[in-house]
Amino acid sequence: MKQPIASDAALEILAALDPSSTAFLFDVDGTLIDIGPSPFEVHVSDALKDSLHQLFRETNGALALVSGRPIRDLDLLFKPLMLPAIGGHGAETRTTKGTAISKVENLSEALRKQLVSAATPGSGIEVEDKGYSVALHYRKAPKQAEALRRHVAIARAAFPAEATELLLGKAMFEVKRPGINKGDAIRVLMEHLPFAGRTPVFFGDDVTDESAFKAMPEFGGKGFGVGRGFPGMAGIFASPADVRGALQRLAAREREPRA
């Protein structure tokens with residue numbers, strides 16, 4: 001794979017983008033915000049919210065969060081912002097601020113209950129029950145990885161009529177509906193105004209973002225990796241802090257009076 005471009009070069013590419021013709025698409029955890037000890041122990045700064053709000057205005061609303069988190073959780077994290085969003089790795093979508101959220105069918109309650117049972121007291125495993133999927137996080141219990149993998153396999157085998165697939169993330173196993181991914185959700189998003197006709201720019205950091213990066217060339221778009229490289233990307237930022245700093249500078253530039 002081609003050697004990633006350094007953060008300074010990525011910043012130059014980002015600074016050259018025209019907000020009037022660009023759609024900004026951001027993964028959240030590990031991209032905009034630092035990975036926390038658990039999904040429930042993260043921080044979204046006021047400075048980041050301010051940068052996103054400014055870019056949202058400058059793009060006439062063509063800015064979306066593209067996350068594994070449910071949209072309801074994104075709204076809580078980024079409050080008072082309520083941005084267009086793709087949640088659950090593509091399981092739900094809100095195309096514009098204020099529009100209804102469309103989502104896929106939930107997993108059965110029985111399957112979700114069996115998956116959630118892995119999070120026994122003291123296990124260190126933490127659960128996100130999103131309805132349409134269940135994510136089991138073992139950041140606090142890395143030695144539990146193999147046992148948790150077996151637990152997930154047994155639970156899925158116990159419900160053969162349930163169509164599911166396993167998604168792997170950073171210290172996480174997620175059981176979800178098959179055929180759902182960020183790339184396909186972005187393709188749908190790009191059919192709707194204010195995204196339609198713009199050049200998308202996606203920022204991501206994890207294997208769960210690979211489908212989003214693969215979708216970029218279809219729209220003449222660009223991808224930026226965070227902390228790692230991906231095939232065909234335009235540049236790389238070393239960390240979420242670098243991304244936040246770049247967005248803050250970009251938002252500040254947009255505030256400057258036009259000549």
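Q: Helices (H or I, at least four residues) and strands (E, at least two) are DSSP runs, numbered from the N terminus; which helix holds Asp184 and Arg187?
A: Both residues lie in helix α6, 3 residues apart, which is about one turn of the helix. This is a predicted model, in which local features need pLDDT of at least 70 and side-chain atom pairs count only at pLDDT 80 or more, while totals for chains, interfaces and linings use all residues. Residues are numbered from 1 along each chain as its sequence is written, and side-chain values use heavy atoms, with hydrogens and water left out.

Q: What makes the contact between Asp184 and Arg187 a salt bridge?
A: A salt bridge needs a side-chain nitrogen of Lys or Arg within 4 Å of a carboxyl oxygen of Asp or Glu. For Asp184 and Arg187 the N to O distance is 2.7 Å, so the pair meets the definition.

Q: Why is Asp184 called partly exposed?
A: Buried means under 20% relative accessible area, exposed over 50%, and partly exposed in between (1.4 Å probe, protein chains only). Asp184 has 36% and Arg187 has 24%, so both residues fall in the middle class.

Q: What do Lys170 and Asp205 tie together?
A: Their side chains meet in a salt bridge at 2.4 Å, N to O. Lys170 lies in the loop between β8 (165-169) and β9 (172-176) and Asp205 in the loop between β10 (199-204) and α7 (210-215), so the bridge connects parts 35 residues apart in sequence. Lys170 is partly exposed at 37%, whereas Asp205 is buried at 3%.

Q: Why does Lys49 have no salt bridge?
A: The nearest side chain of opposite charge (Lys and Arg count as positive, Asp and Glu as negative; His and the chain ends are not counted) is Asp46, 4.3 Å away. A polar atom of its side chain lies 2.6 Å from the backbone oxygen of Lys79.

Q: What makes a set of residues a nonpolar core?
A: The members are buried Ala, Val, Leu, Ile, Met, Phe, Trp, Tyr and Cys residues joined through side-chain atoms within 4.5 Å. The largest such core has 31 residues, of which Leu32, Leu52 and Phe78 touch the most other members. A second, separate core of 16 residues includes Ala23, Ala62, Phe195 and Met216.

Q: Why are β5 and β12 called edge strands?
A: Two strands pair if DSSP finds at least two bridges between them. In the open sheet, 8 strands run in the order β5-β4-β3-β2-β1-β10-β11-β12, with mixed pairing. β5 (102-103) and β12 (235-237) each pair on one side only.

Key
Polar contact = N/O pair within 3.5 Å; in protein donor to acceptor, adjacent residues only side chain to side chain.
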